[in-house]
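Please work through the exercises below with the sequence and the coordinates open beside you.

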Amino acid sequence: MVVIVYGYDGSGPGHWQRWLEQELRASDVPVCFPDLSDPTAPQKDIWVAELARVVDAAPSPVTFVAHSLGCWAVDHLVHERGTANIDAALLVAPPSPFLIFEAVESFLPPPRDKQNWAPIAARSLLVGSDDDDFTSAEEFFEIARQIGVELHQIHGAGHINTASGYGSWPFALEWVQRSVRC
């Protein structure tokens, strides 16, 4: 089962995560896109608890597809609960672990616990851009190293969101199709 996790302020109409959900449903891939509480005032403990309920209720191991702050929600979940019923994760454009933005401070610093990521690290991927406004290229390399996953860096993709032209994103769909074990 694919669980899509948005970041701060959600992933509104036109975002690649909405497109991905539609594509997966059209292909009969089990997908869940939970409405996490207060996307403009997110709280780490609440989001982690909501994701834990989704993972616990999932009929098959979960593959996360997270964007931005959603990556840190997944990271906290893995740190707190391990990878039980989680198969893989696509982590797209996580913000800097040193981001100064009051609305997301409950998520920072993220744990980046390599030991807890180890069971799914080989099946997971971090994607970042070399010109993201919220994370430097060097930080993406360091995050990937810290959790032990491969990094796929895209040139000139910004925050890999609607504002940077990512409405449809075939890369995400292809990764999910290769990765999901239903």
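Predicted model: local features only at pLDDT ≥ 70, side-chain atom pairs only at ≥ 80, totals over all residues.

**Exercise 1.** Determine the strand order of the open sheet of 6 strands, and say which strands form its edges.

*Solution.* The order of the strands is β2-β1-β3-β4-β5-β6, and their pairing is parallel. Reading off the two ends of this order gives β2 (31-32) and β6 (150-154) as the edge strands, each of which pairs on one side only. Within the sheet, β3 (residues 62-67) and β4 (residues 86-92) are joined in the parallel sense over 6 bridges, and F64 stands opposite A89 in β4. Helix α1 (residues 16-26) lies across β1 (2-5), β2, β3 and β4, and it runs at about 155° to β3.

**Exercise 2.** Identify the residues that touch the most other members of the largest nonpolar core, and trace the contacts of one of them.

*Solution.* The core has 65 residues, of which L20 and F64 touch the most other members. The helix that gives the most to this core is α3 (residues 69-81), with 7 residues. Setting aside neighbours within four places in sequence, L20 is in contact with I4, V65, A172, L173 and V176. V2, which is placed in strand β1, touches V65 and V176 too, and its other contacts beyond four places in sequence include L24, V29 and V180. Because its relative accessibility is 0%, V2 counts as buried.

**Exercise 3.** Compare the salt bridge of E21 and R25 with that of K44 and E80, in terms of where the partners lie.

*Solution.* For E21 and R25, the closest N and O atoms are 3.1 Å apart, and both residues lie in helix α1, 4 residues apart, about one turn of the helix. E21 is buried at a relative accessible area of 16%, whereas R25 is partly exposed at 45%. The side chains of K44 and E80 meet at 3.3 Å, N to O. Since K44 lies in helix α2 (residues 44-57) and E80 in helix α3, this pair ties together parts that are 36 residues apart in sequence. K44 is buried, with a relative accessible area of 15%, while E80 counts as partly exposed at 43%.

Note on methods:
Residues numbered from 1 in each chain as written. Heavy atoms only, no water. Pairing = 2+ DSSP bridges. Contact = heavy atoms within 4.5 Å. Axes fitted to C-alpha atoms, helices over the stretch in contact; angles between N-to-C directions. Core = buried A, V, L, I, M, F, W, Y, C linked by side-chain atoms within 4.5 Å. Buried < 20%, exposed > 50% of the residue type's maximum accessible area, 1.4 Å probe, protein only. Salt bridge = Lys/Arg side-chain N within 4 Å of Asp/Glu carboxyl O.
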